[in-house]
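Let's take a walk through this structure together. Please have the sequence and the 3D view open side by side as you read.

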Amino acid sequence: MNRTIALWFVVGLAGFTLFPWYVLEDGFFSFEWLDGYPYDSDYAPALFLIAQSEKLWLAPLALFLALPLLSIGRVKNDPAISKILIIAGAGGLIYLLAQGFAIGIRGFNSELLAALIDLDGQRQFGFGYGAMLLSAAFLFFLTTGVAARGVVNGDVFVVGAIGFVIAIVSMFILFPVLNMLSSALQTNDGVYSIRVFIEKFFDDKIWGLGCLSENRSCGVAWNSLSLAVLVGALTTLLGLVFALVATRSGLRQAHLLRPLTVLPIITPPFVIGLAIILLFGLSGAVTQFVADLFGLQPTRWVYGMPGILIAQMLSFTPIAFLVLIGVVEGVSPSMEEASQTLRASRWQTFINVSLPLMRPGLANAFLLGFIESMADFGNPLVLGGNFDVLSTEIFFAIVGAQNDQGKAAVLAIVLLIFTLSAFYAQRRWLGKKSYTTQTGKGDGGMPAELPKRVLFPSYCLVAIWGSFTLVVYGMIVYGGFVEVWGLNHTITLKHYITAFDVAMTDNGIHWRGSAWDSFWTTLRIAGTAAPLTAAIGLVTAYLLVRQNFAGKNAFEFGTMLSFAIPGTVIGVAYILAFNVPPLELTGTGVILILSFIFRNMPVGVRAGIASMSQLDKSLDEASLTLGANTWRTFKSVILPLMRPAILAALVFSFVRAMTAISAVIFLVSAEHNMATSYIIGRVENNDYGIAIAYSTALIVVMLTVVTLTQLLVGKAKTGRKTSPTDMPS
Amino acid sequence: MNTSIKSKAASVRFDSVSKIYGGDVTAVDNVSIQVEAGELVTLLGPSGCGKTTTLRMIAGLEMASSGQIFIDNTDVTILPATERDVSMVFQSYALFPHMSVAENVAYGLKVSKVNKKDIKEKTETGLALVGLEGYGTRLPSELSGGQQQRVAVARALVLEPQVLLFDEPLSNLDAKLRRQVRDEIRELQTTLGLTVVYVTHDQEEALAVSDRIIVMRNAAIAQSGTPRELYEAPADEFVADFIGEANLMDVTITDIDVSNGFANVRLGTLSLTLDARGNNAGAAKLAVRPNRIQLVAPDTPNSLKAGVSKCTYVGNHMEYVVETEFGDWFATTDNVDTVFEAGKSVGVQFNERGPVLIPHP
């Protein structure tokens, strides 16, 4: 038996004989379960359950676990070993999952099975740590066995990593989404009916076109679609203008625009919506001013499409800017110089050379804006008024009085179809084009200056939109210090005290403020999710960039898929899937952590891919030819060289977890409340003061984190700057 | 020289090895190679000929699609790189930028769990061997290109590999350094008695450094032999032209002298007696190196009438293009003092030795 098998055998054995088999109501780390362990059937390990003649259906697992012992004493390359491992691993996994799905809280889930076998009233809860460890053991038995058959050159580490990523992606992305699709096909009584699905899917409330012919509102699908197209187009335009001014204007102050790109990362999505209300709401500053000036009655015009549009443009223009700044810089200056030496004017060069070269980037920015707008939940919730969009409708279908899971699932599917089509279009249409604009060869020359008729309007737009953004962020800070917005503008610290009061008592620090609870929960959960996200993202990136294996394209698609799944859809899918055994997670902190990991994983993967493709592949190969195995190579060569990327992925997933709202709002519980859902709660109670004060505090915290990291990364240079590939040739 | 780094030089054998990518791209087609222990063999060919793939298959970085690979008469066909006793010096050197020079050299020893004292000693010996004593604490980025190159060699050497591989090791160095490093590699190889397989596309480098050269073309072996064999007796037009330039001309063999295997060759007014190399009487191809063509005064006996169409002075020799009724020929001569100007008539002669008939295919 080699060391890998021995290790996983021990892990599996611990899972089977030591750890509580079922999920623990009070959590593992409360250690409540030590009382009564190991005999209490709620806390017992599987071995003790079976010994007490309970849950006897767990007994066959012991056989699968013991199978690898047969490999003891066999020579290393004996083909029998791989067979034993595959049977033990695959058999064990399948049996474990099958019994988990078959037997639930009410005994057998299927009436047929219940009629066949009498469980004597026994039932079971969700998997706990014991079950998790044993499944891990089975999974790695399987991958080790597959590797022993010579797959991916028989590399145990690589096959194991692939198996692990496939397992968790299937468990936490594919399973919930498919489960949601199937629940859309069911009536509320759990009967499958295609007719009901079609009725729900083609509901007038989704696809109605009443707004075109008569004075009714259109279906939510059309609302979302038209909003997303508008937002995509406008943010792309603004992003392009900003990118041109930042890189091509020759203005020395232009680099001041760059910090703009950090804004969307550190701003919780609905905060812009709040600021818009402070400016243009019924008692908003601008509304009041205009009303006084012209003697008009203030209106609620901003609630609905206009408000959401403005808020989303403010939120997502920096994203387009971020994408396009890279694209504009990527346009090779020598192409433009070539055009100019061929007697083209600046304007002709811009129209015929520069713009067409940016086309893939423009499409990319548009699709990003489109997807972000579709998925945005916070701004429509705050500013929507009577203008319903898909993401908010989904929310109200679940939490509202209707509690119609089928309807939520159907709406989620509509939303998913839109975003997946956009995602597919982006991949299909752009493919690898966006990477090839830069050749990596030294490319001298000066980028062409912009023609006057582009430059001047660009300056104006940037000035206007830039100052608007400043005003909006100013509002956010200022709003937190005002007694009651619109009525009493006295400066006060009241809101901050309510939220963040701290008192020194005899028992130490007493966190009295109402926000502390959710604040610490947020930090803890985001802090746990971030390293896991970064780790999974980087391992996946390593597999995608450095390894070749059958089904790699499907693998890549699966891991990037969650990027196209809006948070609200993930939220709905998670509560539908993880409310019942075998994975009972709702109401725990774990489900929040999981949702963050899988929501943000594509970002980690992208960051990993980007930085890994800059590492010369011969570094890995050199390590391999020097006798290091792939794991060793990954650990001592690749990871140290990726330190900046790791740090960036860590910070990004941390900050994203802190600002997320769309999936979170479905998954929070009284025990695990997050900052964002707390703030939304305050907004719904019209308690804007605290909401804004808390948002400001969050922004400051995240800005600090981001700035500190950038300083750290700046210092941690290692020897990377002069990579061996940069040698003169 | 410290001898604590020994050679475990072993032979390498390819038995009908092929490498096919993605089902239809054949990178290496049914290649059989034998490299003896202690020999320096160069794989030479234009880019895309399969030489690097062949090298990587020896290292275990690519797996053969069919055929067998032996190192020291042990079948290693399915062994991955980690488990083969082979080291490689990469074109980009592939020094780990986050490790110091000494850490780079020690890396292979560390992962093979050699004890600390030996690691230290061997690292120092290895660096001394390439003339970099005292550079151990620097980062690779603080070294010049040539020094980085040597670190890469030291890193590969300290493992005392059965086979040492070089993938175009000189391509990132400037011309002057190339000759020096080339000689150093050859010297190390002969003193330590290493088995070396060396890939390059530079024919001059290959001629200078090798015991034997394997010329590859279109995924297959075009010719294999010592540098002199390849240069003086090319097996086909491709080899003749790839290794040193050659003027290829259509000639007529009037008759073959069966007693010594020599052919009488006619080319216009010229007549030559050359090794027949399997040709029969009739049409044949003749390869003549540029420096084996001599320009003489017009109407010299046994010379061909020609016109000078181009004349270039390049310092240590003259380059000419001469126009004859059999085509344009490229000729060089060390005589830079007598110049045949462009547009003038000239006589052309061939050296006694040098012109070679291409074997009949």
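This is a predicted model: local features need pLDDT of at least 70, side-chain atom pairs count only at pLDDT 80 or more; totals for chains, interfaces and linings use all residues.

Chain A has domain 1 (3–149), domain 2 (221–259 + 313–468) and domain 3 (524–677). Notice that domain 2 of chain A is written as two segments, 221–259 and 313–468. If you take the centres over C-alpha atoms, domain 1 of chain A and domain 2 of chain A are separated by 49 Å.

Chain B, in turn, is divided into domain 1 (12–237) and domain 2 (245–357). Here the C-alpha centres lie 39 Å apart. How many residues of each domain of chain B are in contact with the other? The answer is 4 residues of domain 1 with 4 residues of domain 2. On the domain 1 side of that contact, you will find 2 nonpolar and 2 charged residues, but no polar ones.

Now let's turn to where the two chains meet. Chain A brings 28 residues into contact with 30 residues of chain B. Two helices of chain A, α27 (617–625) and α28 (630–641), each supply at least two residues of the side that touches chain B. Of the elements on that side, α27(A) gives the most, with 6 residues. Sorted by class, the side of chain A that touches chain B holds 11 nonpolar, 12 polar and 5 charged residues.

In soluble globular proteins, nonpolar side chains tend to be buried together. The largest nonpolar core in this model has 322 residues. Those with the most contacts inside this core come from both chains: A:Leu274, A:Ala412, A:Val572, B:Leu165 and B:Val197. Which helix gives the most to this core? Look at α15 of chain A, residues 305–330, which contributes 16 residues.

Setting aside neighbours within four places in sequence, A:Val572 is in contact with A:Met180, A:Ile394, A:Ile398, A:Ala408, A:Ala409, A:Ala412 and A:Phe666. One of these partners, A:Ala412, is itself listed among the residues with the most contacts inside the core.

Next, find the open sheet of 5 strands in chain B. The strands run in the order β15-β19-β16-β17-β18, with antiparallel pairing. At the edges sit β15 (293–296) and β18 (327–333), each of which pairs on one side only. On average, neighbouring strands of this sheet are turned by 45° against each other, direction ignored. Within the sheet, β16 (residues 304–313) and β17 (residues 318–324) of chain B pair in the antiparallel sense over 6 bridges.

Is A:Lys55 buried or exposed? A:Lys55 counts as buried because it has 20 C-beta neighbours inside 10 Å, and 20 or more is what the term requires.

In chain B, B:Glu160 also has a positive phi of about 45° without being a glycine. Its place is in the loop between α4 (145–157) and β7 (163–167) of chain B. B:Glu160 has 21 C-beta neighbours inside 10 Å, so this residue counts as buried.

Definitions and conventions. Residues are numbered from 1 along each chain as its sequence is written. Chains are lettered from A and ligands numbered from 1 in the order in which they are written. Domain bounds come from an automatic or database domain assignment. Two strands pair if DSSP finds at least two bridges between them. Helices (H or I, at least four residues) and strands (E, at least two) are DSSP runs, numbered from the N terminus. Axes are lines fitted to C-alpha atoms, for helices over the stretch in contact, and angles run from 0 to 180 degrees between N-to-C directions. Two residues are in contact if their C-beta atoms, placed from the backbone, lie within 7 Å. Ala, Val, Leu, Ile, Met, Phe, Trp, Tyr, Cys and Pro count as nonpolar, Asp, Glu, Lys and Arg as charged, and the others, Gly among them, as polar. A nonpolar core is a set of buried Ala, Val, Leu, Ile, Met, Phe, Trp, Tyr and Cys residues joined through C-beta atoms within 7 Å. A residue is buried if 20 or more other C-beta atoms lie within 10 Å of its own, exposed if 12 or fewer, and partly exposed in between; C-beta atoms are placed from the backbone.
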